[in-house]
Amino acid sequence: MKIRCLSAGILFADVGCAPIDHAPSQGELVQTDRVELSLGGCASNVSINLAKLEVPTGLAGCVGDDAFSDYILKSLANPLVDVSGVRRAANMSPGCSLIVNVKNEDRRFVSTTGANAQFAVSDIPDAWTQEAEILYVGGFLMMQHLESQETAEYFKAFQARGGKTMLDVVLYGDRPYWPALEPLLPYVDYFMPNDDEGYAITGIKDPADQARYFVDAGARTCVITCGDEGSIYYSEKERFRAEIFRTEFVGGTGSGDAFDAGFIAGLLDGGDAYECMRRATAQGMSCVRHSSATGSVFTKSEAEAFLEGRELKTFSL
């Protein structure tokens with residue numbers, strides 16, 4: 001199988017609840033319809049979502065050697081996902097998140113990075129570096145070994161041979177994020193944060209201004225997702241705001257990863273900025289219909305049926 005996308009970064013086991021009426025107060029028990037274990041983490045979510053879109057993907061990252069790690073690898077079993085780039089770290093647990101979904105509110109997370117902290121560029125198989133058309137790194141700022149000059153050099157080399165690079169972040173810890181991010185941006189073709197992350201990194205509230213800040217710092221294109229306010233596409237050549245496709249909202253976990261997967265599939269099919277955003281927006285919408293990160297994400301045929309004859313509303317910036 002020829003790898004078209006190399007998805008590298010955080011792999012997680014998520015424990016989440018069906019939406020509850022309100023967040024519990026101290027000592028309070030709040031009833032939910034179900035609590036379930038599911039796959040999470042930017043890189044693993046993107047790889048499974050790309051497989052649904054029939055894109056062969058190589059997954060690189062680190063898990064531990066416990067039952068949660070076994071569950072992650074079992075959940076990744078798919079003929080279009082090559083997990084030979086996933087390393088198992090001895091005597092460790094994987095990344096894990098406790099996700100509390102409250103009706104009509106954004107989800108709440110309690111997370112540990114676990115074995116993801118061990119992941120480094122050297123874990124990525126050399127063959128994938130040479131054959132993949134797109135490098136996606138998800139969960140940057142949650143993996144300390146990736147915050148290095150080696151990572152910047154890897155991105156630079158991937159671009160030099162004609163590949164496209166994409167970067168998404170997870171803000172982990174109370175610290176300045178810009179010193180770790182700034183050296184990498186000149187080698188990023190598509191930077192994909194959400195507006196909350198953009199604000200935490202830059203201190204700028206308006207997402208269009210955030211996008212301009214990241215492009216001025218070297219990113220070739222910045223795409224900022226803004227929840228039900230839509231998304232921003234910003235490059236030197238093209239700038240617009242896109243609305244969302246509306247549906248019943250169950251949970252937002254993984255919606256950004258589904259968005260990224262749709263964008264990647266659009267790029268691989270030769271789509272322009274509008275088409276990539278249209279496909280990304282549809283995939284992100286499909287995700288929020290379920291409390292898990294990948295449970296309701298469109299397959300390729302489902303996405304095609306949904307998008308047939310449907311336009312995405314956009315507005316120039």
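**Strands, helices and overall form**

Modeller: Please keep in mind that this is a predicted model. A place to begin is strand β8 (residues 134–140), which is joined by five bridges to strand β9 (residues 164–169), the two running parallel.

Colleague: How do you know that β8 and β9 count as paired?

Modeller: Two strands pair if there are at least two bridges between them, and β8 and β9 have five, so they count as a pair. Within this pairing, V137 stands opposite L167 in β9.

Colleague: What is the order of the strands in the open sheet?

Modeller: Ten strands form that sheet, in the order β5-β4-β1-β8-β9-β10-β11-β12-β13-β14, with mixed pairing. At the edges stand β5 (81–88) and β14 (314–316), and because each has a single partner strand, one side of each is left without a neighbour in the sheet.

Colleague: What makes β6 a partner of both β2 and β7?

Modeller: The bridges again decide it: five of them join β2 (residues 12–17) to β6 (residues 95–100), which run parallel, and five join β6 to β7 (residues 108–112), which run antiparallel. Against the cut-off of at least two bridges, each of these counts as a pair. The bridge partner of G16 in β6 is I99, while C96 has T112 as its bridge partner in β7.

Colleague: Why is α9 called roughly perpendicular to α10?

Modeller: Helix α9 (residues 273–287) and helix α10 (residues 300–307) pack at an angle of about 110 degrees, with their axes 10 Å apart. Angles of 65 to 115 degrees count as roughly perpendicular, and therefore α9 is described in that way relative to α10. The crossing of these two helices is right-handed.

Colleague: Which residues meet where α9 packs on α10?

Modeller: From α9 there are R278, R279, A282, Q283 and M285, and they meet A303, F306 and L307 in α10. The residues of this contact divide into five nonpolar, one polar and two charged.

Colleague: How is α9 placed relative to the strands?

Modeller: Helix α9 lies across β11 (221–225), β12 (231–235), β13 (239–242) and β14, and runs at about 155 degrees to β12.

Colleague: Why is the protein called as compact as a globular protein of its length?

Modeller: Its secondary structure comes to ten helices and 14 strands. The radius of gyration is 18 Å, close to the 20 Å that the globule rule gives for 317 residues, and so the protein is as compact as a globular protein of that length.

Definitions and conventions: Residues numbered from 1 in each chain as written. Predicted model: local features only at pLDDT ≥ 70, side-chain atom pairs only at ≥ 80, totals over all residues. Heavy atoms only, no water. Helix = DSSP H or I, 4+ residues; strand = E, 2+ residues; numbered from the N terminus. Contact = heavy atoms within 4.5 Å. Axes fitted to C-alpha atoms, helices over the stretch in contact; angles between N-to-C directions. Parallel < 35°, antiparallel > 145°, perpendicular 65-115°, else oblique. Left-handed = near helix turned anticlockwise from the far one by under 90°. Nonpolar A, V, L, I, M, F, W, Y, C, P; charged D, E, K, R; others polar. Rg over C-alpha atoms; globule rule 2.2 N^0.38 Å.
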